[in-house]
Amino acid sequence: MKKSLLNLVAVCGLSLLAVNAYADQGSKGMDMAGMKMEGVKMDKMPAKPASTTTLSDGEVKAVDKENKSITLKHGRIKSATVEMGPMTMSFPVKDKMLLSNVKTGDKVKFTVENIDGAAKVTVLSVLK
């Protein structure tokens with residue numbers, strides 16, 4: 001009887017941990033299901049002003065001014081707080097004004113920084 005009760009408590013406890021871990025996956029703010037994120041490194045420290053800013057190259061695939069986000073097909077990103085390999089990904093922008101002069105198909109230079117645990121575009125300029 002004691003063994004059965006202990007087993008039941010253990011199973012319930014593990015089930016609660018699994019449900020909690022699954023629920024945490026959906027609360028990150030960005031839906032990146034199915035994206036391969038090898039090589040992505042985001043420090044937990046807020047962005048520090050860098051003496052030199054490294055801009056990454058990208059192509060605009062979509063602009064969502066209402067939700068303050070931009071989808072970029074980009075090469076390697078390396079900033080003070082974010083490092084990731086090439087991929088196509090949607091990013092929130094720090095300031096909606098960054099989206100005022102950009103449209104699908106534009107070639108851009110940009111910077112992504114870790115702000116409050118999210119990779120956000122902080123600098124965005126259209127190449128002419």
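The side chains of Arg76 and Glu83 are joined by a salt bridge with an N to O distance of 2.5 Å, the term denoting a side-chain nitrogen of Lys or Arg within 4 Å of a carboxyl oxygen of Asp or Glu. Glu83 counts as buried, at 17% relative accessibility; buried means under 20% relative accessible area, exposed over 50%, and partly exposed in between, computed with a 1.4 Å probe on protein chains only.

The model is predicted, so local features need pLDDT of at least 70 and side-chain atom pairs count only at pLDDT 80 or more, whereas totals for chains, interfaces and linings use all residues. Residues are numbered from 1 along each chain as its sequence is written, and side-chain values use heavy atoms, with hydrogens and water left out.

By the salt-bridge rule the count comes to six. Among them is the contact between Asp57 and Lys109, at 2.7 Å from N to O. Asp57 belongs to strand β2 (residues 56-64) and Lys109 to strand β7, so this pair ties together parts that are 52 residues apart in sequence. Asp57 is partly exposed at 44% relative accessibility, and Lys109 is partly exposed at 25%. A further salt bridge links Lys61 with Glu59, whose closest N and O atoms are 3.6 Å apart. Lys61 is partly exposed at 39%, as is Glu59 at 21%. Glu59, Lys61 and Lys107 are linked in a network of salt bridges.

The strands named here are DSSP runs (E, at least two residues), numbered from the N terminus. Five strands form an open sheet in the order β6-β3-β2-β7-β8, with antiparallel pairing. From one strand to the next the twist averages 45°, based on axes that are lines fitted to C-alpha atoms, with angles running from 0 to 180 degrees between N-to-C directions. Two strands pair if DSSP finds at least two bridges between them; β2 and β7 pair in the antiparallel sense over four bridges. Ser56 stands opposite Phe110 in β7.

Phe110 also takes part in the one aromatic pair of the structure. Its partner is Phe91, and the pair is tilted, at 6.4 Å centre to centre with 45° between the planes. Rings of Phe, Tyr and Trp (its six-membered ring) pair if their centres lie within 6.5 Å; planes under 30 degrees apart count as stacked, over 60 as edge-to-face and the rest as tilted. Phe91 lies in β6 (residues 87-92) and Phe110 in β7 (residues 107-115), so the pair ties together parts 19 residues apart in sequence. Both Phe91 and Phe110 are buried.
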